[in-house]
Amino acid sequence: MTCQQGLEGTNCLENNKRWKTAPVMCLSPLFVNCSSQRESKITEEYKLKLPDVDTLTYNYMIKQSTLNAVNNASELLTITYAAIEAASIEYRTLLIKLIHLYKDTIENEFADYHGDAIVQIRGETQDKKEMLTQLISFMQYVRKMADSATEICYTYGMNNLCSTLSQRVHDAIKNVEKEIYNNQELEKEYLCIQQECIIKTKEP
């Protein structure tokens, strides 16, 4: 190998080193810039936001509380009526069973055969009636709560909410009264057939 070839080989190695290190020097600033931009974006996204001053007034907070009271009253009306309706259906179902048993006893003289069943169903009917009485009494307090929320809405000029809640109260009370009426009508039929059965069984 000649000296010239050795020098050329040395120059080639130096050129290769320059080409290998040059891209790293060029890319390094790009990585730094991307990282700083991402951190800046994250900081902006999670920056603490101050609350709106308008939402800190007493008038605003009272209206929000009134809205919550209206929603709670409306929900309680719906749930209480649904409970009364379900209990009334079960109560009338038990009364119908008793009526059929009494009629069968009168027509076929199965007093001994139906005695145990009548006693059991009468106990269930009494329990269901007590539950209905409690729910109907509870509905009266729910109505007072809803009426109070309605008056508060009217006082603060929330007329739309006032009208909506008033209508819901009217509908709920009307439906409850309908359930009470249906229960009472079936109770009358039950008492008549029960009295007839008692008279029939006492006959010699």
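Predicted model: local features only at pLDDT ≥ 70, side-chain atom pairs only at ≥ 80, totals over all residues.
Guide: Residues are numbered from 1 along each chain as its sequence is written, and side-chain values use heavy atoms, with hydrogens and water left out.

Visitor: Why is Glu179 called buried?

Guide: Buried means under 20% relative accessible area, exposed means over 50%, and partly exposed is in between, using a 1.4 Å probe and protein chains only. Glu179 has 8% relative accessibility, so Glu179 counts as buried. You'll find Glu179 in helix α4.

Visitor: What is Glu179 in contact with, leaving aside its neighbours within four places in sequence?

Guide: Tyr81, Glu85, Ser88 and Arg92. Contact means heavy atoms within 4.5 Å.

Visitor: What makes Cys197 buried?

Guide: Its relative accessible area is 6%, so Cys197 goes in the buried class. Cys197 sits in helix α4 too. Not counting residues up to four places away in sequence, Cys197 touches Tyr102, Thr105 and Ile106. Cys197 and Leu101 are 96 residues apart in sequence, and their C-alpha atoms are 9.9 Å apart in space.

Visitor: And why is Lys128 called buried?

Guide: Lys128 has a relative accessible area of 16%, and therefore counts as buried. Lys128 belongs to helix α3. With neighbours within four places in sequence left aside, Lys128 is in contact with Ala87, Glu90, Tyr91 and Leu94.

Visitor: How much of the protein counts as buried?

Guide: Of its 204 residues, 24%. The accessible surface comes to about 15,400 Å², and 57% of that belongs to carbon and sulfur atoms. Those areas come from the Shrake-Rupley method with a 1.4 Å probe, and for residues only the protein chains shown count as cover.

Visitor: What makes a nonpolar core?

Guide: A nonpolar core is a set of buried Ala, Val, Leu, Ile, Met, Phe, Trp, Tyr and Cys residues joined through side-chain atoms within 4.5 Å. The largest one here has 34 residues, and Leu77, Ile84, Tyr102, Met139, Leu165 and Tyr190 have the most contacts inside it. Helices α2, α3 and α4 each give two or more residues to this core, and its largest share, 14 residues, comes from α2. Leaving aside neighbours within four places in sequence, Met139 is in contact with Leu77, Thr80, Tyr81, Ile84, Ile173 and Val176.

Visitor: What makes a space a pocket?

Guide: On a 1 Å grid over the protein atoms alone, a pocket is an open set of points where a 1.4 Å probe fits, with protein on both sides within 12 Å along at least five of seven lines. Lining residues have an atom within 4 Å of a point. The largest pocket holds about 160 Å³ of space. Its lining includes Tyr91, Arg122 and Gln194.

Note on methods. Points joined across faces, edges and corners; volume = space filled by probe spheres on them. Helix = DSSP H or I, 4+ residues; strand = E, 2+ residues; numbered from the N terminus.
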